[in-house]
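Entries follow in the order I looked things up.

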Amino acid sequence: MSEKNTTDEIDFTSKSSFQNVMNKAKRKQTVKYFIITTITTIFLLAVIYIGSQQILEKRRSDDDSGNYSLIHGANTHQGSASPSDSNLFSYTQEITYEKQIGDRVILWDTDSVTTPLFGKRRINENGSETKIFSEREKRYVNFNQLNGEREIEFYFPQLTYPYLPNEITAATELGNNKIVEVALSFKKPLTLHEASKILGTDNVNWLWVDTSTDAQVKEYKKEALMKENERHAITQGGGYAYGFEVLDSDFEIGGQYFLNIIKTLSLEDGNYQNKVKKLANSINDESSPKVSDIRISGAVVTGTPKELERFNNIDIIRASLIGATVDIY
């Protein structure tokens with residue numbers, strides 16, 4: 001006689017109790033994954049934020065525009081740099097530039113500069129100039145749109161011009177309540193010692209350094225031949241000129257400071273490294289430039305009409321242009 005074992009299959013998965021257990025386990029798993037994902041996301045965002053801020057702060061601390069402004073732009077320097085916007089990937093600053101006229105400081109230009117996390121800075125120049133031809137002065141006159149003052153220019157000693165302005169005389173005839181800025185251009189480049197001996201140091205604010213290479217002068221002369229008339233004279237705009245402020249009434253101290261800034265910027269991996277290296281080569285293309293290598297092709301002088309009278313009869317001055325003027329009172 002054989003026994004027959006029978007086993008009834010029990011379907012546990014269909015029971016409500018089992019379904020409840022499984023649903024509860026799934027909910028726990030979902031919550032667990034959500035918590036892990038949230039924590040991971042927060043951690044990654046925190047790492048990205050902290051990392052980006054550190055990079056931006058490093059770029060901010062490495063910003064060399066302040067030093068560059070000390071050697072670029074005639075009689076101007078960088079003023080305040082106020083943050084206007086900052087986010088995860090960039091920061092923006094509103095930078096002002098000022099001009100020293102005697103004992104007065106006036107706003108001259110403003111830039112909106114955006115520095116991204118990576119890549120080059122973007123500069124939006126808010127200030128601009130208006131160029132108008134003056135029949136009376138026989139030249140184009142540039143006016144600063146922020147304040148309506150005249151922009152100064154220099155005339156290259158290596159070029160010939162059909163007309164050379166002589167506005168130092170007009171500057172000395174203005175009212176005694178005025179402080180006047182005048183750009184002087186020389187007949188030839190001078191050493192700092194020669195310029196100091198000829199000009200003196202009183203009322204001399206800023207010196208224009210001769211950075212013209214032989215190749216550039218050749219191009220300027222070729223361009224001058226293509227100009228139709230005197231309206232299009234090739235000049236060096238003050239805002240783009242290289243030079244330095246006269247420090248402690250001593251041209252050579254200012255010249256050494258100028259070279260120190262060039263050396264500092266050329267060693268930094270910044271926005272102006274290539275520019276200052278070319279600048280150094282234009283002063284001395286065989287070795288690091290020394291103060292004795294610097295040649296001056298012009299100057300910016302400021303003072304009252306009476307104080308500027310002594311510049312009227314200096315033979316080395318080839319051209320002179322009035323720039324900004326302010327009232328003493």
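What share of the contacts in the protein chain with a separation of 6 or more comes from residues 24 or more positions apart? I got 70%, where contact means heavy atoms within 4.5 Å.

**Ground rules**

I'm working with a predicted model, in which local features need pLDDT of at least 70 and side-chain atom pairs count only at pLDDT 80 or more, while totals for chains, interfaces and linings use all residues. I number residues from 1 along each chain as its sequence is written, and side-chain values use heavy atoms, with hydrogens and water left out.

**Whole chain**

Next I checked cover. Of the 329 residues, 40% are buried (under 20% relative accessible area; exposed is over 50%, partly exposed in between, with a 1.4 Å probe and protein chains only). The accessible surface is about 19600 Å², and carbon and sulfur atoms hold 51% of that; the areas come from the Shrake-Rupley method with a 1.4 Å probe, and for residues only the protein chains shown count as cover.

**Strands E2 and E3**

I followed E2 (residues 90-101) into E3, and the two run antiparallel, joined by twelve bridges. Strands pair if DSSP finds at least two bridges between them. Ser90 sits opposite Pro116 in E3, and Glu94 has Ser112 as its bridge partner there. Two residues lie between the strands of this hairpin, and Gly102 has a positive phi near 65°.

Are these strands covered or open? E2 is mostly covered, with nine of its twelve residues buried. In E3 (residues 104-116), ten of the 13 residues are buried, so I'd call this strand largely enclosed by the rest of the structure.

**Gly298**

I found Gly298 in strand E12 (residues 295-303). Gly298 is buried, at a relative accessible area of 0%. Which residues does Gly298 touch, leaving aside those up to four places away in sequence? I listed Phe154, Leu184, Ser185, Phe186, Leu207 and Trp208. Leu184 is 114 residues away along the chain, yet its C-alpha atom is 5.2 Å from that of Gly298.

**Two loop residues with positive phi**

Asn203 isn't a glycine, but its phi is positive, near 70°. I placed Asn203 in the loop between helix H4 (192-199) and strand E9 (204-209), and it is partly exposed, at 22% relative accessible area.

Ser249 is another non-glycine with a positive phi, near 55°. Its loop runs between strand E11 (243-245) and helix H6 (251-267). At 51% relative accessible area, Ser249 is exposed.

Methods: Helix = DSSP H or I, 4+ residues; strand = E, 2+ residues; numbered from the N terminus.
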